[in-house]
Each structure stands twice: as C-alpha cells, then as structure tokens.
Amino acid sequence: MSKGISLKKQDGSKLKIGVVKARWNHGIVEDLFIGCTQALLDSGVKQKNIVTLEVPGSFELPFVAKQLLKKKKLDAVICLGVIIKGGTTHDEYLSEAVSGAIMQLGLETGVPVIFGVLTSLTEEQAIARSTGVNNHGYWWGKNAVEMALL
Ligand code: DLZ
C-alpha cells in the first residue's frame with residue numbers, strides 16, 4: 001500500500017503511538033484508521049501500545065491530541081479527519097485552523113504530531129484517498145513511526 005510515497009521499513013516495537021480520530025465523515029475516517037493501524041502493526045508497534053480516542057470533528061483534533069500528550073507518554077500522535085468542501089467556506093477555516101494547530105503542537109511539545117486530515121473537494125476524492133493502495137492512513141501510520149524514531 002504505497003502509491004506515490006516511499007515508505008521506510010522501521011522497527012516500531014518499542015513505540016507508543018496515539019491516534020485521535022474525528023467522527024465527521026465517519027466511514028471515510030474509519031478507512032483511514034484501518035490503514036493507519038495496519039501500518040503501525042506492520043511496523044511492529046504492539047496493539048496494546050496504540051492509544052485511540054475519538055472526537056466530534058476535525059476542529060477538536062489538536063485539543064485532544066494535546067491532552068493525550070500531557071497524560072500519556074507517547075512517541076507520536078496521529079490526528080485523523082476528513083474535511084470536505086461544501087457550499088460554504090467552513091472547510092477553509094477548519095483546514096487552516098487544524099493544520100496550524102497540529103504543526104504548533106508538534107513544535108511546542110517536541111513530539112511528532114502527524115497531520116492525517118484529508119482536505120478534499122468532494123466525497124469521491126476523499127474515498128479515493130482512504131481506500132486500497134492509496135489509503136493515506138497507511139502512509140500516516142508509517143510516517144508516525146519514522147518521525148518517532150528520528
Ligand atoms: C461543522 C463541521 C463541518 C461543517 N464540516 C466538517 C467536516 O467536513 N469535517 C470535520 O471533521 N468536521 C466538520 N465539522 C465539525 C467541526 O470540526 C467541529 O466538530 C464543530 O464545529 C464543533 O467545534
């Protein structure tokens with residue numbers, strides 16, 4: 001599962017990884033989550049060392065990722081969400097706020113926080129990026145392990 005990205009083979013067996021997922025566009029986020037978890041397991045991360053939490057929408061991802069980092073000793077956190085362009089500008093506000101906050105959280109804490117949020121123009125685009133060989137969730141799982149080991 002790695003179209004368009006070169007993924008490293010890494011040993012994540014000693015890592016503890018947080019995954020925070022949004023409930024908006026639930027089915028698509030779930031596919032990203034399945035890909036992400038598979039990548040973590042493929043990299044040797046133990047199931048018991050994958051800490052998962054759910055939030056209402058992508059806007060809440062950075063807040064809960066921060067709480068998780070405060071309470072658990074994690075090596076990386078992955079934020080999963082899907083923001084789809086609608087008839088208003090909500091997607092622009094959400095995408096900008098969430099991407100900025102996720103970047104800031106990583107820089108502040110020194111713990112890698114992975115931007116696992118699809119910002120798609122249509123639902124079809126989001127589905128194409130969350131399934132099969134193009135499942136970005138898989139890449140993000142691999143990215144988390146790589147960053148945690150750097
Ligand atoms: C309100 C909203 C809208 C319109 N669209 C999305 C979306 O496409 N993806 C997503 O993850 N969340 C969306 N939300 C919910 C917000 O992220 C947030 O949960 C609420 O505004 C409450 O803060």
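**The ligand and its pocket**

β3 and α3 each contribute at least two residues to the lining of the largest pocket; helices (H or I, at least four residues) and strands (E, at least two) are DSSP runs numbered from the N terminus. The model is predicted, so local features need pLDDT of at least 70 and side-chain atom pairs count only at pLDDT 80 or more, while totals for chains, interfaces and linings use all residues. Residues are numbered from 1 along each chain as its sequence is written, and side-chain values use heavy atoms, with hydrogens and water left out.

A pocket is here an open set of points on a 1 Å grid over the protein atoms alone, with protein on both sides within 12 Å along at least five of seven lines, and lining residues have an atom within 4 Å of a point. The largest pocket has a volume of about 170 Å³, taken as the space filled by probe spheres set on the points, which are joined across faces, edges and corners. Its lining includes Trp24, Asn25, Phe59 and His90. β3 gives the most to this lining, with 3 residues. By class, the lining has 6 nonpolar, 4 polar and no charged residues.

The ligand sits in the largest pocket, in the sense that more than half of its atoms lie within 2 Å of the grid points. Around the ligand, the shell (residues with a heavy atom within 4 Å) divides into 6 nonpolar, 4 polar and 1 charged. Glu60 is among the residues of this shell.

Polar contacts are pairs of N or O atoms within 3.5 Å. A polar backbone atom of Val82 is 2.8 Å from a nitrogen atom of the ligand, and a backbone N or O atom of Gly57 lies 3.3 Å from a ligand oxygen atom. His90 places a polar side-chain atom 3.4 Å from a nitrogen atom of the ligand. The protein buries 71% of the 490 Å² that the ligand exposes when taken alone, by the Shrake-Rupley method with a 1.4 Å probe.

Key: Polar contact = N/O pair within 3.5 Å; in protein donor to acceptor, adjacent residues only side chain to side chain. 1 Å grid on protein atoms, 1.4 Å probe; cavity = no way out; pocket = protein on both sides within 12 Å on 5 of 7 lines; lining within 4 Å. Nonpolar A, V, L, I, M, F, W, Y, C, P; charged D, E, K, R; others polar.
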